[in-house]
Amino acid sequence: MARAGYMIPMLLGKLTKKPVTVMYPYEKLEPFKDIRAKIKFDTNLCIGCGICARDCPSGACYMVDIPNPVDKKKKTPHFDLDMCTFCGQCDESCPKDAIKLTDEYELAHFKRGELIVK
Amino acid sequence: MAEVTIPIGPIHPALKEPERFMITIEGETVVAADVRIGHIHRGIEKLAESKTYIQNLYLTERICGICSFTHTTNFSQATEEILGIEVPKRGVYLRTIVNELERIHSHLLWIGVAGHEMGFDTLFMYSWDDREIVQDLLEIMTGNRVNYAYNTIGGVRRDMSPEIAQKALKAMDKLEVAMQKYIDIGLNEDTILKRTQGVGVLSPADARRLTAVGPRLRASGIKYDVRKADPHAAYDEVPFEVITSDTHDVHGQYVVRALETLESIKMVRWMVTNLPDGDYRVKTPRKVPEGESFSRTEAPRGEDIHWLVANGTDKPERLKIRAPTYANIANVAFNLKGAHIADVPMIVAGIDPCMGCMDRVIIIDADKKTQTVTDEAGLWKFANDWYANGGKK
């Protein structure tokens, strides 16, 4: 039988429940394991193959004319986190495990250049 | 009484996405409705031609913010078909699990949106609260809440550890209790019944004629689901029922979606317990040989179609996408006629419209300012002439 206020028991039940949201930034949620956030790049492992730049779907990873520490003839990649979608394809494509995704998710900066991982 | 034409949109406070609805009313009754689509056309199909298959996985994911996984599944399936690759059983099961989790979150989202449209914001808040259970599970499993980046050509990118499986089973128990509540509320709460019963009635014959898909079609009493009709992924092995309703209205859609969520919860539970061992992905070549393939999946909103043509390089020759809202928009325009003006938002929200998914192409003849109806042959002739003249009329 239909009646108004059918949800009242549910409403009362919710009174004792804590809010779902938290007061960020004073209170922070623990990031999940294996979350994809800021990129960590190890220049000493990179061989300059450029697969990361070729596979990047958003153009966040690109090769620059800086000689690669391992092979001087090759270039090195830069990662512009302004454009990054954090899909982790570069991490997956890298044959030498030079790219890792950390759980550092707070990436707000005052200057644009600070968001480029070199 | 005089007829008044009210334009709603493309930019309007009531619309979440830009589309134009021209509604002619006489008093409080809608006498004519015209839906103009194309205001959020993004050129994704053309863009797909300039990106590699790996990049396209992330592009197709961004067709829709809610049913992102079904688009990548479709694209991966189409590519795998041309490559002639068989995805390992575990990979197929994991894909199906995420597909069903996505259906749960999309349907819970719809219940919230429907509540909001009928002025019942309490339901909106509560259903989105319970949706966090599945969102958290998706984040643990795939690494992200919305655009999961979980699918890849040849399988999935991450395995499911036993701990995650345990968490998934616990989350499903919690969700089942929550869903029972929403079914109970949907069947008994006066606010929902008064705003949805008898609104947007689409008879089975009209649903077929106007190519309705998904929950809209099943709410019209037609038992059709791509998961049963043309089983993809692991749907031929997972036991489930196709839910239909005989009320043919928006309330029927509520019931279909709520019961479908319950079915999805059971399916996820079954798949997690019967997850096969072994590999979850295979390595695939970057270049795809010449060929074409057609793939369809049952997205939360209905049937989603991808048609892919490969030309032997690492980029597709053509990718055609038919999102479910495109198939459903015709019956919305039909249903708006004769409706009460206050029911317009409910009818539009009923199909769970996703305009961003839908807008693929639009042809506007601004010079002639005329409207003509052409058949398929006429459209073919137009297309051939247009190309023969080098893109001129």
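This is a predicted model: local features need pLDDT of at least 70, side-chain atom pairs count only at pLDDT 80 or more; totals for chains, interfaces and linings use all residues.
Some conventions to begin. Residues are numbered from 1 along each chain as its sequence is written, and chains are lettered from A in the order in which they are written. Local features need pLDDT of at least 70, side-chain atom pairs count only at pLDDT 80 or more, and totals for chains, interfaces and linings use all residues, while side-chain values use heavy atoms, with hydrogens and water left out.

I'll take the interface now. On the chain A side, 27 residues are in contact with 32 residues of chain B, contact meaning heavy atoms within 4.5 Å. About 2600 Å² is buried between the two chains, and carbon and sulfur atoms give 50% of that. Buried area here is the accessible area, with a 1.4 Å probe, that two parts lose on being put together, summed over both.

How many salt bridges cross between chain A and chain B? The rule finds 5, where a salt bridge is a side-chain nitrogen of Lys or Arg within 4 Å of a carboxyl oxygen of Asp or Glu. Over all chains, the search finds 33. A:E92 takes part in a salt bridge with B:R157, at 2.3 Å between the closest N and O atoms. That pair runs from the loop between β5 (155–156) and α6 (162–188) of chain B to helix α3 of chain A; helices (H or I, at least four residues) and strands (E, at least two) are DSSP runs, numbered from the N terminus. A:E92 also meets B:R281 in a salt bridge, at 3.0 Å from N to O.

The elements giving two or more residues to the side of chain A that touches chain B are α1 (8–14), α2 (51–55) and α3 (89–93).

Next, confidence. Chain B averages a pLDDT of 87, and 91% of its residues score at least 70; pLDDT is the predictor's confidence in each residue, from 0 to 100. Residues 361–366 of chain B fall below 50, and this stretch has 4 contacts in the model beyond near neighbours in sequence.

On aromatics, there are 8 pairs over all chains. Rings of Phe, Tyr and Trp (its six-membered ring) pair if their centres lie within 6.5 Å; planes under 30 degrees apart count as stacked, over 60 as edge-to-face and the rest as tilted. One of the pairs, B:Y53 with B:F75, is stacked, at 6.1 Å centre to centre and 25° between the planes.

Last, the backbone of chain A. The peptide bond from A:Y24 to A:P25 is cis, with omega near 5°. A:F86 has a positive phi, near 55°, and lies in the loop between β3 (76–80) and α3.
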